[in-house]
Each structure stands twice: as C-alpha cells, then as structure tokens.
Amino acid sequence: MGTNLFEKIWTANSVMERPDGATLLFVDRHIVHDATSQGFDKMEAEGHSLRRPDLTFGLADHYVATGNSTAQRKPSFDQMVSRLDAESRRWGFDSFGPGSRKQGIVHVAGPELGITLPGCVLVCGDSHTATHGAMGALAFGIGASEIAHVLATQTIWQRKPKQMRVTIDGTLGQSVTAKDLILALIGKIGAGGGTGHVIEYAGSAIRGLSMEGRLTVCNMTIEAGARTGMIAPDETTISYLEGRDYAPKGEAWDRAVAHWRTLVSDDDAVFDREVVMHSDEVAPMVTWGTSPMDVLPITGTVPDPSVAGSDDERKRISHALDYMGLTAGMQLTDIRIDRAFIGSCTNGRIEDLRAAAAVVKGRKAQVPAFVTSGSGQVKAQAEAEGLDRIFTEAGFEWTDPGCSMCVAMNGDLVPPGERCASSSNRNFEGRQGRGSRTHLVSPSMAAAAAVTGHLADVRKFTGSRS
Amino acid sequence: MKPFKSHRGIAAPLPKSNINTDLIVPARYLLRTRKDGFADALFSDLRYEVDGTPTSDFVLNQPPFDTATVLVAGDNFGCGSSREHAVWSLADYGFRVVIAPSFADIFHGNSLQNGLLVIPTPQATVDQICSTLTANPGTEIAVDLDAQTVVCGNLSYTFEIDPYRKECLLKGLSETADTLRSLSTIETFESQHGQSRPWLAAPHQS
C-alpha cells in the first residue's frame, strides 16, 4: 500500500512518539505576527527562550494601518505592531513591518518570500495557516500555548489526523474562480465536514489552478473544519518559487527540486475519505448567511427556513436571515450592499486584483469600496500594472497591505447593520465589526457588487469565453 | 496550568451549532494581555447591547445560569480562528467544562492547554442534558476526570480523553517543560533532518 502526500511529510518530520499515540513533529518554519505576543509572554513566563531564531519569521499583518476611510485607530494597535519588531530584535529573527516591501499578510507574504517550501512543516498562530499547504507543505494554525511550545522547542505535539482527498475535475466556467470552488465544497460538506482531517486536493481543476488560486483553495479549507489543505507540488509550484527571497539557490535548489518531485501521493495511496466534485457544478458563488457553508450560486434565491431538513437547521437559518436582514425567496442579485472589500489572505494576491480591476475598469463604485493588497510586493506589482489607477478612478480606496477589514482588528471595519460584499473568508456574526453583515464572494464578484450597488452576477460584466 | 481533578456546578444550555471563536470573543478584545482577564469579553456581542446594558434573552444573563460553570453547546463548538482568547474568556468567566457533540480541532487543543475540560458527547445525550437543564434550571453537572464520568440528574455517562492530556490536566503540568526533557532526542533528529534537507535547515544561506 502506498503512502499519501501528508503521510510522507508527517513521517519525515516525526521526532518521537508518546505512549498515548501523539507525535512530536519538527517545525521547519514558524511564522509569528503582530497578534502573537501572548505566545512570547508564555514562553518567558515559563522561563524559556527562543530556540531557533533562524527558522522563525515575523510578519506584521493583523494590526497594521491600511486604509483611511473607516479607520478607528488606537495607539494600542501600533503597540502590537512595534511589539513584534521588539521581539524580532531581541531574539534575532527576520521580521517585516509596515513600510517594508516584504511586509504583508503571513499567508500571502510567506509563500511569496519563499519562506514556505514544499515538504516543510510550517505553523503559525492563525487558523488560515492552512493556506501554505497549497505549496505541498504541511501547515496548520496553532494557539498561544502551542506558539510558546514551538518558540521554546521548535517542535509541536500532534495526533495524526485522518486524511481526506477531494478530487475536482473539469475546467472552470466563465468567471468561476478558486474561491467559488472552495465555497462550493464547504457548502457541500459543511462547516464541520472536514473536522479531524487534512484534505489533499487533486484533479484536473486543481492542477489547472495558478499558485494564487491554489492558495485560495487551501486557505478556506479551515472553514470546512479541516486541520489543513494540501496540494502536491508540481511545475506550477516550482516555477512560482524559483528566485524567491528565501528559496534555495544554486545546487541547493536543484537538490530541493529533485526532492519536491517525490512529494506526491502514490497511485495506490489510501485515504480515510474521498469526496469527488466536478467543476461544471460550480457557478460564481455568494454566501447568504452567517457560516461559510451558507452558500449558493449567484443565480439562486435566499433559502426558506421552512423547508429545512431539521428543527435545528430551521432555527439556525431563521436566525441567520434575521441577523442578515434578508427575506426568504428574494433573488440574491436583488440584495443591495453598503460597501465592498477586496483583499485578505484568501484573495489579496495579484491575480485577484487583476480580476477585480477587469470588472471595475471604466465603471464607478456605487458604494464605499476598499482594495487592500495582501503584501507590499502585491501592491508594488499592481501599481506597476496600473491597477491602482483603475481602482482609484472608479472611486475605490487603494490601501496599504494587511488583514484590514477581513478581521476588523486594525480599526477598518464595517459599521453596524451595514452589508458588505467581501472577498474575505468568514461571514460570522460580528466578524467585520459588531453588527456587520458579510457576503463572501470572489474578488471579481465583489467588484461587480461595488459597481452596481447590489450583489451581481459577474458573468454579465465579462466577455463569454470561447 | 490550574489542575483539573473534578468539578460540580450549575450548567447552562446553549444548544446552537457552529458557535465560532469570533462570537466567543470578538476581535476587538484581542489587544489585551493574559493578565488583563477576559471575563467580560465572553460572548460580549450576545451578552450586551451596544450601549453596554445586558441583553435579556441571552442564557448567561438569566439566573441561575449566570453562575454556570459548565456550558452545554451544539456541534463544531469553537470553529473559526485559532485565538486562544476564546478559551481564556470561557475560563476567566468561570467555566471549567464545555460539553458538546464535537469541537473544532484548534479550540480543542487550546482548551486542554488551559485547564478547560472539553467533553465530546453524543448529540442525543447533549439533547437530553439540555432538556433537563431547561426543565430544571439550576441543575448541576458533576464531572470526575480521573474516572472520566459525567453525571447530570439521573443521566450518567463516561467520556474519552487523550491519556497524556488527562495527566497534564490532573497534575497541572506544562507540556513545554516536559518536551524539553527530550531535548537531546530533538537535537539528534534536527541534525539528521538538516543533513538530508539542507534547504530547509538554513533558509538564510541560500
């Protein structure tokens, strides 16, 4: 019986086992950010010090200032950002903060800088660390106690998760993106559908995605409850990595590439669960409720709680519609929005901004709209391509890189009761600010909503594909 | 970590699915340090109106549930972000135990690192407990970690827990100190791992 991608990395990084079956994994890359200070506090409170500064990297993202239009900044936000800088100088690890071209959201800048490499075990105190699995890494989010453990030992105890393979074959329809694929999958298996599993993505639709698209798919794997997502490295991965800041060079590169080519699930590898989807099933998607699994094609209507399968589900849908201010049966395209947000670790990459700009070009924003690059490099690239001018001429606010309005921790938030078409990852109650109402969409769908003032089918704005 | 041996206390029912960490502790509270405490942050958007007055319809604002130390919730409890503040909020408010059909993986790990005992319990049993708590508000739940038992009125059951986590909870042990006792094993592994994958071992030299 062959082994799968996950098992290959798990075995290679297993240091020892405990009698209870937990495995001590060696951590090849640990990224800390500006909301990780509790981990440093705990490490020091227990009398330990940073064991491997050379394998630790800092990126400021959660609290950094991004836009101006809604910003409610507090001095304490800046203190969180400078605390990361202080820890990096104290312990001697590389860290990038506001103003650096290398700064950005951990899950955008990490892969972009070549910190994330195929076959590595990577952890970070953020659930969206699942993103990095798109490069063939085993990457997962951890809590503050585990951060302290990794800082002090460069290892982490884990129980071996089950393995699920999601195979998506087919080609993507017009204006259907990686975001729509992952939203459709979460809708299919549910917000807890992946609990206890890692998911390996396979199939021609996944192989056909760019590196950016793959990162989007793995990013939202956590919204299905899975520990992480993974995609075997291939030519797309290797050409993306070549020449990146921390990627190996010269002879080391050749040796690394030879190893990376072995990081695939064997033909006879076995998975605990298999899910198969066809990309033909997927249209541009939008969420209507308060869980990412509350998702439908944009051509749909707001669901009717009375047809729910169970009493609990009926109550849950009713509550979600109440919170979202929606009526059962209304066309999704009739839902008016108050603002739009394009950015986040899910969709703040150059390809995302290009897709949104293609819709925005020559049109005007009907509502306040925010475009936040995922990193300094993305922002610079977009400006070199003139995307910033397309957005600003349409009345969008062009902001600095960071998590911004996705998690609303830096003062950029959606005011109470307002409805936002957002390219982010969570539509939880209060996620984008107390009382905020979030509709998760792809970047081009967020752009289409911004220029019409309501949720809209982006296919009406893009030419048909031959 | 505060040791956990056994606990008995009033239980509050909150039988919703997918109670996420943003709901448990909204992001605006994450600036605080551990020392500041998070008791008031717990379920803040459900417990308080925008002007700060307590809401009337939330279970923890209704006596006797306002003194609850055991929470009984729906499946996939603690989904969403990895913020350990969610666990600190529950613990600082006074909760020692959460019972639910299932827990999100990261939240599950964070809880056991902080002396908050999470007990995965079949949905039918959770439903039964919630009915008891609603019919007889103020019903206490007794949990014995060593025996791995839960008692609620006439109902009792046993639960599973990772033996290592159980020992850490019973003794209040820190995992980091325990791991560092195996430092030489880690160092040996590290050296071999680095030789076979030099590009991973030395990111700054490439």
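**Entry 1: the end of H5(A)**

A note to myself on the model: it is predicted, local features need pLDDT of at least 70, side-chain atom pairs count only at pLDDT 80 or more, and totals for chains, interfaces and linings use all residues. Residues are numbered from 1 along each chain as its sequence is written, chains are lettered from A and ligands numbered from 1 in the order in which they are written, and side-chain values use heavy atoms, with hydrogens and water left out.

Helices here are DSSP runs of H or I with at least four residues, strands are runs of E with at least two, and both are numbered from the N terminus. I then went back into helix H5 of chain A (residues 144–153): 10 of its 10 residues are buried, so the helix is largely enclosed by the rest of the structure. Buried means under 20% relative accessible area, exposed over 50%, and partly exposed in between, using a 1.4 Å probe and protein chains only. Among the buried residues I noted A:Glu146, A:His149 and A:Thr153.

I stepped back to A:Gly143, in the loop between strand E7 (138–141) and H5 of chain A. A:Gly143 counts as buried because its relative accessibility is 1%. Which residues does A:Gly143 contact, leaving aside neighbours within four places in sequence? I found B:Ser82, B:Glu84, B:Ile106 and B:Asn110, where contact means heavy atoms within 4.5 Å. I also checked A:Ser127, which is 16 residues from A:Gly143 in sequence and 8.7 Å away in space, C-alpha to C-alpha.

**Entry 2: two helix pairs in chain A**

Helix H2 (residues 37–45) and helix H3 (residues 75–91) of chain A pack at about 45°, with axes 10 Å apart. Axes are lines fitted to C-alpha atoms, for helices over the stretch in contact, and angles run from 0 to 180 degrees between N-to-C directions. That angle makes H2(A) oblique to H3(A); under 35 degrees counts as roughly parallel, over 145 as roughly antiparallel, 65 to 115 as roughly perpendicular, and the rest as oblique. The residues that meet include A:Phe40 and A:Met43 in H2(A) and A:Met80 and A:Trp91 in H3(A).

Among the residues making the contact are A:Ala355 and A:Val359 of H13(A), with A:Ala447 and A:Val451 of H16(A).

**Entry 3: over to chain B**

Chain B has nine helices and seven strands, and its C-alpha trace spans about 65 × 45 × 30 Å along the principal axes. Of its 206 residues, 57% are buried. Chain B is divided into domain 1 (6–173) and domain 2 (174–206), with bounds from an automatic or database domain assignment. The domain centres, taken over C-alpha atoms, are 37 Å apart.

I finished at B:Ser89 in helix H3 (residues 85–93) of chain B. B:Ser89 counts as buried because its relative accessibility is 0%. What does its side chain reach? I found the backbone oxygen of B:His85 at 2.7 Å. Leaving aside neighbours within four places in sequence, the contacts of B:Ser89 include B:Ile24, B:Phe38 and B:Leu42.

Key:
A polar contact is a pair of N or O atoms within 3.5 Å; within protein, one must be able to donate a hydrogen and the other to accept it, and residues adjacent in sequence count only if both atoms are side-chain atoms.
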